[in-house]
Amino acid sequence: MAPDLVWMYDLIVVAGLFLIGLIGLVVMRNLVKLLISVEVLTKGVSLALVASGFARQNPYLMQSVVVTLIVAEVAVVAIALALVINLYRRTGSLDVRRLTDLKW
Amino acid sequence: MLALHLALLTALAICAAMAVLLADLLRAAICLALASVTLSVVFFQLGAPYAAVFELSVGAGLVMVLLVSAIGLTRRNPSENEEEGKSPLLILPILALLTMAVVDIAAFAFMRGRVAIAVPGMQAASFADTLWRVRWIDVLAQLGIILVGVFAILTLFRKEGGVFHNSKLQAPSPDPEETHGS
């Protein structure tokens, strides 16, 4: 496979993943759906890093960065889900519009 | 080979879009796991087996388990589903994807042959060499991130009742005007 051609196709999908996640963050009201949107964004970033490593013929550096990214991603998901469960216990809903305690 | 790669990228985009757009949370989580599996195969194709294994085990496995556990511990209000399903903005991801694809293809058509993307002499000895010698500070950061995650979850799920236990936010006001007006 030609590296620059593969890179081009990969970056098209990266742009798509990033925009899908971004628009999910804007449109969706459910807290779990917002977290899924963040996950989609992160997958776009991972693909961009690995594709860049493939195109520059330096895969090891990008793999180590992606491994760090995945560890950070899991920590973010775990903490965010713990927050979601606590908020659900408090408000009885997953709707982000009900979180108005700090609004005045 | 390129056709398979394109098919995998298409499947990845479709699974990710379904994960965001599907109203049912469990199906959305399953679509996200499928997207992770597809992404790990793409990583294997791009010559990144370690990242692929991490994505498969952690991205598709652990995150899926966490999401399904959280969905099982919560119950969704059916009216929220209908409201999201009726949103006219859901067409935006498709339009945005098409727009970005056109812009991306035009940019790469302009850059192709003008920019050297492969830099000779940058090849490291191995993945372990890169991770433990070049990016050793990342490993320390990973340890820190894991510790922060563990302590945060322990704090959020302590037995006294969670993060809002000692807070004044514990008892929500029944009248919103009373809270916002004062």
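**A conversation about two chains**

Analyst: To begin, Arg56(A) is placed in the loop between α2 and α3 of chain A. Please keep in mind that this is a predicted model.

User: Is Arg56(A) buried, partly exposed or exposed?
Analyst: Arg56(A) counts as partly exposed, because its relative accessibility is 38%, and the class of partly exposed residues lies between under 20% (buried) and over 50% (exposed).

User: What separates the C-alpha atoms of Arg56(A) and Trp7(A)?
Analyst: A distance of 9.7 Å separates these two C-alpha atoms, although Arg56(A) and Trp7(A) are 49 residues apart along the chain.

User: Let us turn to charges. How many salt bridges does the structure hold over all chains?
Analyst: The structure holds seven salt bridges over all chains. As background, side chains of opposite charge can pair when their charged atoms come close.

User: Which residue meets Glu39(A) in a salt bridge?
Analyst: The partner of Glu39(A) is Lys43(A), and the N to O distance is 3.8 Å. Both residues lie in helix α2 of chain A, four residues apart, which is about one turn of the helix.

User: Are Glu39(A) and Lys43(A) buried or exposed?
Analyst: Glu39(A) counts as buried because its relative accessibility is 2%. Lys43(A) is buried as well, with a relative accessible area of 2%.

User: What about pairs in chain B? Which residue forms a salt bridge with Arg27(B)?
Analyst: Arg27(B) meets Asp24(B), with 3.7 Å from N to O. Arg27(B) counts as exposed at 55% relative accessibility, whereas Asp24(B) is partly exposed, with a relative accessible area of 37%.

User: And what is the partner of Arg135(B)?
Analyst: The side chain of Arg135(B) meets that of Asp138(B) in a salt bridge of 3.0 Å, N to O. Here Arg135(B) is partly exposed, with a relative accessible area of 27%, while Asp138(B) is buried at 12%.

User: Which residues are joined into one network by salt bridges that share partners?
Analyst: The network consists of Glu39(A), Lys43(A), Glu73(A) and Glu55(B).

User: That list includes residues of both chains. How many salt bridges does the rule find across the interface of chain A and chain B?
Analyst: The rule finds one salt bridge across that interface. The side chains of Lys43(A) and Glu55(B) meet in a salt bridge, with 3.0 Å between N and O.

User: How many residue pairs are in polar contact across the interface?
Analyst: Nine residue pairs are found in polar contact there, counting pairs with both residues at pLDDT 80 or more.

User: Now for chain B itself. Which elements does it have?
Analyst: Chain B has eight helices and zero strands. Of its 182 residues, 32% count as buried. Chain B exposes about 11,200 Å², of which carbon and sulfur atoms supply 71%.

User: Is Thr38(B) buried or exposed?
Analyst: Thr38(B) counts as buried because its relative accessibility is 11%, and buried means under 20%. This residue is found in helix α2 (residues 25-45) of chain B.

User: What does Thr38(B) touch?
Analyst: Not counting residues up to four places away in sequence, Thr38(B) touches Leu8(B), Ala11(B) and Leu12(B).

User: One last topic, the surface. Which residues make the nonpolar patch?
Analyst: Phe18(A), Leu22(A), Leu25(A), Val26(A), Val38(A) and Val45(A) make a nonpolar surface patch of about 440 Å². Helices α1 (3-27) and α2 (31-55) of chain A each supply at least two of its residues, and α1(A) gives the most, with four.

User: Where is Val38(A) placed?
Analyst: Val38(A) is in helix α2 of chain A. This residue is partly exposed, with a relative accessible area of 30%.

How values were computed: Residues numbered from 1 in each chain as written. Chains lettered and ligands numbered in written order. Predicted model: local features only at pLDDT ≥ 70, side-chain atom pairs only at ≥ 80, totals over all residues. Heavy atoms only, no water. Patch = residues over 30% accessible without salt bridge, like charges linked within 9 Å, V, L, I, M, F, W, Y side chains within 5 Å. Areas by Shrake-Rupley, 256 points an atom, 1.4 Å probe, with all protein chains shown as cover. Salt bridge = Lys/Arg side-chain N within 4 Å of Asp/Glu carboxyl O. Buried < 20%, exposed > 50% of the residue type's maximum accessible area, 1.4 Å probe, protein only. Contact = heavy atoms within 4.5 Å. Polar contact = N/O pair within 3.5 Å; in protein donor to acceptor, adjacent residues only side chain to side chain.
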